[in-house]
Amino acid sequence: MPPNSLVVLIDEYDAPLTAHLEDREKFEAVRDCLQPFYALLKEYEGRLRFFFMTGITKFSNTSVFSAFNNFRDISLDPEYGTLLGYTEEEMRAVFLPYVDNAADVLGMTREEVLSRLKEQYDGFSFDREASHRVYCPWSVLNFLSTPKNGFLNYWYVSGGRPTVLTKYLVNHALAEPISYSEERKVTLFDLTLSQQYDYMSIENLLMQAGYYTIRSVLQDETVVLGYPNREVAISMAQLYAEELLQGKNLRNVCPTPALSVLSSGAAEEVVSYFTEVLRAIDYQRYPVKDEATCRGYLQVLLIGAAMLPSVEVHNAFGRSDLEVEAGDRLWVFEIKCARESKEVDSLLREAVEQMGSRHYGSKRSGKKVIRMALVFDVSERGFSAWKCL
């Protein structure tokens, strides 16, 4: 088959494999077109000075490793670990004039800007030894070009929802939000394996899509996966929120932004906001059934609204369920879950006593601390009792 015929045939099927993940017949047709394409590249390799192929997912049975078996896969090679991102050294050697400009615009010091950049955009590691960390170039360049906009989330809008992940989630659910903050472990072998789309694990796909990165490598060649930075952690929460709300926009569910409610609203408004948000969830897929899942949903939905709550905050006496800063306020929540309405009053008293005896939020300074005991009524699907201390 001549090369120009290949181009025409692939074009008939809208070229990318990921465009047809839900249509097995077209997926296989495009895949079959690629085999002679790879064979052609191999046949004429003597005429190619340099060939570089990219993508986020290695599908099995695409003939990349059979028809075109003489290329080098550098996906997890430490030698190329800094190829597609900015290192800390590069940030300080190349971008300091722009960092200083951002510091002037935002009224911060150079080191404060660099610290925020690291927290927001650094942390990606895609080599099998976890020996390198790099910043996301797209996010860094966008921030430095318009620092007056602040440390925004550029990653999710530009590349945080690749087709392969979006279509995968149509038929595969994310884990429950209670697992949002948990690190995941997979083997290096699994990360390098070509897999059929239907049998791909969500951990591998999230790693390939950039939500997870390699945090560390254990002695048994198991890798620990987690979020690389604040930008991606917020993006993951937004992905969870979209899954939980099944396409409904959080702003449509609750027109007033979470930050506005928590920074200036009355306690009644905060409780009402939480109830409205939880009632918007698809309860068939994600039932709130206990304190842990209730806290997990609130955590994910608040992060999806661009806030950063902390869960299970420890002090010398115990740990609070959920804490979140909003403006000059610090909210400290103790959450109880009533399976039956008759349990609500006793659980509220228990939550109030627990907050007092364990001194939740008592040692925080610089913010107005508001401590609130909350009881979620499973039968009513809302917070039916609350009290501020």
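Modeller: A polar contact is a pair of N or O atoms within 3.5 Å; within protein, one must be able to donate a hydrogen and the other to accept it, and residues adjacent in sequence count only if both atoms are side-chain atoms. The model is predicted, with local features needing pLDDT of at least 70 and side-chain atom pairs 80 or more, while totals for chains, interfaces and linings use all residues. Residues are numbered from 1 along each chain, and side-chain values use heavy atoms, without hydrogens and water.

The element is helix 15 (helices being DSSP runs of H or I, at least four residues, numbered from the N terminus), which covers residues 291–304. At its start, a side-chain oxygen of Asp290 comes within 3.3 Å of the backbone nitrogen of Ala292. Just after helix 15, Ala306 has a positive phi of about 70°.

Helix 11, residues 230–245, packs against helix 15 at about 115°, the axes lying 7 Å apart (lines fitted to C-alpha atoms over the stretch in contact, with angles from 0 to 180 degrees between N-to-C directions). Residues of helix 11 including Ala237 and Tyr240 meet a set in helix 15 that includes Tyr297 and Leu301 (contact means heavy atoms within 4.5 Å).

Helix 11 also holds Ser235, which counts as buried because its relative accessibility is 0%. The side chain of Ser235 reaches the backbone oxygen of Glu231 at 2.9 Å. Beyond its neighbours within four places in sequence, Ser235 is in contact with Asn153, Trp155, Tyr156 and Tyr211. Asn153 lies 82 residues from Ser235 in sequence, yet 7.7 Å away in space, C-alpha to C-alpha.

How values were computed. Helix = DSSP H or I, 4+ residues; strand = E, 2+ residues; numbered from the N terminus. Expected span 1.5 Å × (residues − 1). Buried < 20%, exposed > 50% of the residue type's maximum accessible area, 1.4 Å probe, protein only.
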